[in-house]
Amino acid sequence: MKLTFGNLKKILRCSFGLKCPRCEDGSLFEKRFTMFSNCLECDLKFEREQGYFIGAMYINYGATVFLAFPGYFIFSVFTSIPFLVNFAIWVVVSGIFPVFFYRYSKSLWLNFDYTLNPNG
C-alpha cells in the first residue's frame, strides 16, 4: 500500500490514541506495559511473529536521541547552565523518556506496518 497524507493522519491518530490499526476502535494495551495479543473488537493479531516489535525499539531509541541530542545543544547555547548540570538533565531525560514513550513506539510500529503491509 502507498503511504499518503490520509494514511499518515490515520496512522498518527491511531498510534497516539493507542488504537487498533484495522478497526481504529480496539485498545492495544491491557495495562501500562501489557499489550493485548489480539484486538478485542476485530481480532487482529498484534504481534505477527516473534521479535516483531524490535522495530519499535528503534523508534523509541530514535525519538529519545531526537529529543536529547538537540536539547542538550539548545540548552548549552541559549542558557548559562553549567556543563555537568546540562549533561545530568539530559541523562535523566534519556532514562525516563523511553519508559514514557514505550507504548507509543509499539503503537507507531504496529500502525505503520499494518498500513504498509495489511496482509503480512
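1. Ser105 belongs to helix H3, where helices are DSSP runs of H or I with at least four residues, numbered from the N terminus. Setting aside neighbours within four places in sequence, Ser105 is in contact with Ala56, Ile59 and Asn60; contact here means heavy atoms within 4.5 Å.

2. A word on the source before going further. This is a predicted model, in which local features need pLDDT of at least 70 and side-chain atom pairs count only at pLDDT 80 or more, while totals for chains, interfaces and linings use all residues. Residues are numbered from 1 along each chain as its sequence is written, and side-chain values use heavy atoms, with hydrogens and water left out.

3. Next, the helix pairs. How do the axes of helix H2 and helix H3 cross? The axes of H2 (residues 54-78) and H3 (residues 83-116) come within 8 Å and cross at roughly 150°; axes are lines fitted to C-alpha atoms, for helices over the stretch in contact, and angles run from 0 to 180 degrees between N-to-C directions. That makes H2 roughly antiparallel to H3 (angles over 145 degrees count as roughly antiparallel, under 35 as roughly parallel, 65 to 115 as roughly perpendicular and the rest as oblique). By class, the contact of H2 with H3 has 18 nonpolar, eight polar and one charged residues. In this classification Ala, Val, Leu, Ile, Met, Phe, Trp, Tyr, Cys and Pro are nonpolar, Asp, Glu, Lys and Arg are charged, and the others, Gly among them, are polar.

4. H3 also packs with helix H1 (residues 5-16), at an angle of about 145° and with the axes 8 Å apart. On the H1 side, the residues that meet H3 include Leu8, Ile11, Leu12 and Phe16; their partners in H3 include Phe101, Tyr104, Leu108 and Phe112. Sorted by class, the H1 and H3 contact has nine nonpolar, five polar and one charged residues.

5. Beyond its neighbours within four places in sequence, Met35 is in contact with residues including Leu28, Phe46, Phe53 and Leu110.

6. Tyr114 sits in H3 and is buried, with a relative accessible area of 13%. Not counting residues up to four places away in sequence, Tyr114 touches Pro21, Arg22, Leu44 and Arg48. Tyr114 and Ile11 are 103 residues apart in sequence, yet 9.2 Å apart in space, C-alpha to C-alpha.

7. Finally, two backbone details to look at. Glu24, in the loop between H1 and H2, has a positive phi of about 60° although it is not a glycine. Asp43 lies in the loop between H1 and H2, and its phi is near 65°, a positive value in a residue other than glycine. Buried or exposed? Asp43 is exposed, at 52% relative accessible area, whereas Glu24 is partly exposed, at 33%.

Definitions and conventions: Buried < 20%, exposed > 50% of the residue type's maximum accessible area, 1.4 Å probe, protein only.
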